[in-house]
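This briefing sets out computed features of one structure for use alongside its sequence and coordinates. Please read the points below with the structure open.

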Amino acid sequence: MKYDIQRAGMGKRFGAWFLDAFLFISLAVLIISLLSEMVHLGDHTVKLDNIYAEYEEKYGISFYMTQEDWDKMSEEEKLIMNHAATMLAQDMEAKQTYEMVLNLILLTLSLGLLIPYLILEIAVPLLFKNGQTLGKKALGLAVMRTDSVKISPFLLFVRTVLGKYTVETMIPVAFLVMSVFGLVNINGLLFLTLFLTLQLGIMGFTRNRSTIHDLMSHTVVVEYSSQMIFDCPEARDAYEARINEN
């Protein structure tokens with residue numbers, strides 16, 4: 001026999017997500033702040049700002065401008081700007097400091113986001129069982145495999161680290177950071193828009209209102225009180241056999 005999946009309503013899912021997101025962001029901000037202090041990110045950032053300020057003062061320009069500001073500049077001013085940018089690019093100290101700041105930002109963000117995921121999305125669900133985060137526990141939701149079997153630690157890892165962290169979080173975050181540093185152009189922002197559209201499209205048109213991480217782990221969010229969740233396929237098959245006998 002086949003069981004009807006007691007899919008969680010979008011209202012409850014959003015409420016659970018909101019609570020989990022609040023806890024996640026609070027913990028992530030704390031961890032990122034601590035990591036930033038440990039690697040002296042602020043000192044390196046100040047050093048880079050000072051290098052930029054020296055070149056701006058020397059050439060009488062500003063590296064921070066809009067396309068409109070650039071269009072208003074005279075040809076002579078543009079030549080000065082291009083020369084200043086060329087000299088800055090050839091400055092080894094500036095290059096090393098720039099790379100250091102970029103790498104430290106990516107490092108602190110990566111670890112600062114990974115650690116909350118490991119705590120709130122893996123350790124807590126393993127403690128509560130049935131894939132429940134604090135938000136899902138509060139709203140009476142659970143996560144199971146699409147065949148009504150309890151989610152395993154491996155699938156929980158796939159769902160969280162590969163799905164939520166790597167695909168849904170770090171890819172957009174990396175593009176945002178690179179956009180801020182001018183390493184990607186408008187195509188990067190277009191990618192982020194398409195990525196968000198894909199996520200919303202998957203939730204809107206899949207039968208189980210799945211997200212990318214649910215598709216990757218073959219899981220579904222359900223109503224815990226009304227959904228029968230089996231410990232293993234054998235337990236499900238044995239139950240089906242008993243039902244069919246009757």
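Predicted model: local features only at pLDDT ≥ 70, side-chain atom pairs only at ≥ 80, totals over all residues.

Residues are numbered from 1 along each chain as its sequence is written, and side-chain values use heavy atoms, with hydrogens and water left out. Helices (H or I, at least four residues) and strands (E, at least two) are DSSP runs, numbered from the N terminus.

**Salt bridges**

- Nine salt bridges are found in a search of the whole structure; the term denotes a side-chain nitrogen of Lys or Arg within 4 Å of a carboxyl oxygen of Asp or Glu.
- Asp 147 forms a salt bridge with Arg 145, with an N to O distance of 2.6 Å.
- Accessibility is classed as buried (under 20% relative accessible area), exposed (over 50%) or partly exposed (in between), with a 1.4 Å probe and protein chains only.
- Asp 147 is partly exposed, at a relative accessible area of 28%, and Arg 145 is also partly exposed, at 22%.
- A salt bridge joins the side chains of Asp 147 and Arg 236 at 3.4 Å, N to O.
- This pair links distant parts of the chain, 89 residues apart: Asp 147 lies in the loop between β1 (141-145) and α7 (153-180), and Arg 236 in helix α10 (residues 233-245).
- Arg 236 counts as buried because its relative accessibility is 15%.
- Arg 145, Asp 147, Arg 236 and Asp 237 belong to a network of salt bridges.
- Asp 231 and Lys 150 meet through their side chains in a salt bridge of 3.0 Å, N to O.
- Here too distant parts of the chain are linked, 81 residues apart, with Asp 231 in the loop between β2 (219-223) and α10 and Lys 150 in the loop between β1 and α7.
- Asp 231 is exposed, at 56% relative accessibility, whereas Lys 150 is partly exposed, at 25%.

**Pockets**

- A pocket is found on a 1 Å grid over the protein atoms alone, as an open set of points where a 1.4 Å probe fits, with protein on both sides within 12 Å along at least five of seven lines; lining residues have an atom within 4 Å of a point.
- The largest pocket has a volume of about 900 Å³, a volume being the space filled by probe spheres set on the grid points, which are joined across faces, edges and corners.
- Its lining comprises 27 residues, of which Trp 17, Lys 164, Glu 168, Gln 199 and His 213 are the closest to the centre.
- Two or more lining residues of the largest pocket come from each of α1 (10-38), α5 (92-128), α7, α8 (186-205) and α9 (212-217), and α1 gives the largest share, nine residues.
- The lining of the largest pocket divides into 15 nonpolar, four polar and eight charged residues.
- In this classification Ala, Val, Leu, Ile, Met, Phe, Trp, Tyr, Cys and Pro count as nonpolar, Asp, Glu, Lys and Arg as charged, and the others, Gly among them, as polar.
- The second largest pocket has a volume of about 250 Å³, and the residues that line it include Thr 45, Asp 49, Tyr 98 and Gly 182.
- For this second pocket, α2 (41-59) and α5 are the elements that give two or more lining residues, and α2 supplies the largest share, four residues.
- Eight nonpolar, two polar and one charged residue make up the lining of the second largest pocket.

**Helix geometry**

- The 29 residues of α1 should span 42 Å at 1.5 Å a residue, and its end C-alpha atoms are 40 Å apart, which agrees; the expected span is 1.5 Å times one less than the number of residues.
- Among the buried residues of α1 are Arg 13, Asp 20, Phe 24 and Leu 35.
- Helix α7 has a kink of about 40° at Met 170, shortly before the proline Pro 172; the bend at a residue is the angle between axes fitted to the seven residues ending there and the seven starting there.

**Positive phi angles**

- Lys 129, a residue other than glycine, has a positive phi near 70° and lies in the loop between α5 and α6 (134-139).
- Ser 148 is not a glycine, yet its phi is positive, at about 70°.
- Ser 148 is placed in the loop between β1 and α7 and counts as buried, at 3% relative accessibility.
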